[in-house]
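Work through the exercises below with the sequence and the 3D view open. Each task is followed by a solution in steps.

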Amino acid sequence: MIVCPFFVIFVTVFDIVIVRIIQVMMNVNDKNNYHNIIRMMITTENEIRNSRINWFLVIQGFLFAGLCEIFSKESICLCCDKNKYLILIIVIIGIVTSISFLFAAWRSEKAISMAMNAWNLFLEEKPAVIKDY
């Protein structure tokens with residue numbers, strides 16, 4: 001129960017910090033080059049997301065290979081306690097990595113939407129249309 005409110009507070013503070021960084025960038029940087037900054041932020045976030053997906057698939061592949069190795073041994077009884085615990089550990093690791101990947105994907109999507117919101121704020125301040133960029 002204590003972890004959940006702390007987690008929500010951390011995520012909210014993190015969002016406020018990102019919004020503040022974007023606002024500072026809007027005030028400090030050259031307004032003519034702002035679209036390149038937003039494009040760079042989205043490209044960087046997509047590269048990070050791509051690397052996370054690759055590592056997730058590698059981890060899941062290793063876990064699946066370990067599980068297949070356990071089931072392929074004919075001499076080992078699947079009902080003995082040692083194999084049950086090993087299978088349970090592999091399943092728990094798989095579930096934890098899946099949950100962490102889903103959270104990372106959600107945060108990545110939220111970061112991209114925040115960058116797009118900053119872009120929309122920029123377009124509202126400047127009398128221009130998207131086709132100009």
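**Exercise 1: The salt bridge**

A search of the whole structure turns up one salt bridge, meaning a side-chain nitrogen of Lys or Arg within 4 Å of a carboxyl oxygen of Asp or Glu. This is a predicted model, in which local features need pLDDT of at least 70 and side-chain atom pairs count only at pLDDT 80 or more, while totals for chains, interfaces and linings use all residues. Residues are numbered from 1 along each chain as its sequence is written, and side-chain values use heavy atoms, with hydrogens and water left out.

Task: Find the partner of R49 and say which helices the pair links.

Step 1. R49 pairs with E109, and their closest N and O atoms are 3.2 Å apart.
Step 2. R49 sits in helix α2 (residues 34-72) and E109 in helix α3 (residues 81-125), so the bridge links distant parts of the chain, 60 residues apart (helices are DSSP runs of H or I, at least four residues, and strands are runs of E, at least two, numbered from the N terminus).
Step 3. R49 is partly exposed, at 24% relative accessible area, and E109 is partly exposed as well, at 44%. Here buried means under 20% relative accessible area, exposed over 50%, and partly exposed in between, with a 1.4 Å probe and protein chains only.

**Exercise 2: A charged residue without a bridge**

Task: Decide whether E45 is buried or exposed, and find the nearest side chain of opposite charge.

Step 1. E45 belongs to helix α2.
Step 2. E45 counts as buried because its relative accessibility is 16%.
Step 3. E45 has no salt bridge, and R52, the nearest side chain of opposite charge, is 4.1 Å away (Lys and Arg count as positive, Asp and Glu as negative; His and the chain ends are not counted).
Step 4. Leaving aside residues up to four places away in sequence, E45 touches R52, S108, A111 and I112, where contact means heavy atoms within 4.5 Å.
Step 5. From C-alpha to C-alpha, E45 and E109 are 8.7 Å apart in space, and they are 64 residues apart in sequence.

**Exercise 3: The cores**

Task: Which residues make up the largest nonpolar core?

Step 1. A nonpolar core is a set of buried Ala, Val, Leu, Ile, Met, Phe, Trp, Tyr and Cys residues joined through side-chain atoms within 4.5 Å.
Step 2. The largest one has 10 residues: Y34, I37, I38, I42, I112, A115, A118, W119, F122 and L123.
Step 3. Helices α2 and α3 are the elements that give two or more residues to this core, and α3 provides the largest share, six residues.
Step 4. I38 touches A115, A118 and W119, not counting residues up to four places away in sequence.
Step 5. Apart from this core lies another of five residues, including L63, L67, I70 and I87.

**Exercise 4: The chain as a whole**

Task: How many helices and strands does the chain have, and what percentage of its residues count as buried?

Step 1. The chain has three helices and zero strands, running α-α-α from the N terminus on.
Step 2. Of its 133 residues, 23% count as buried.
Step 3. Among contacts between residues at least 6 apart in sequence, 68% join residues at least 24 apart.
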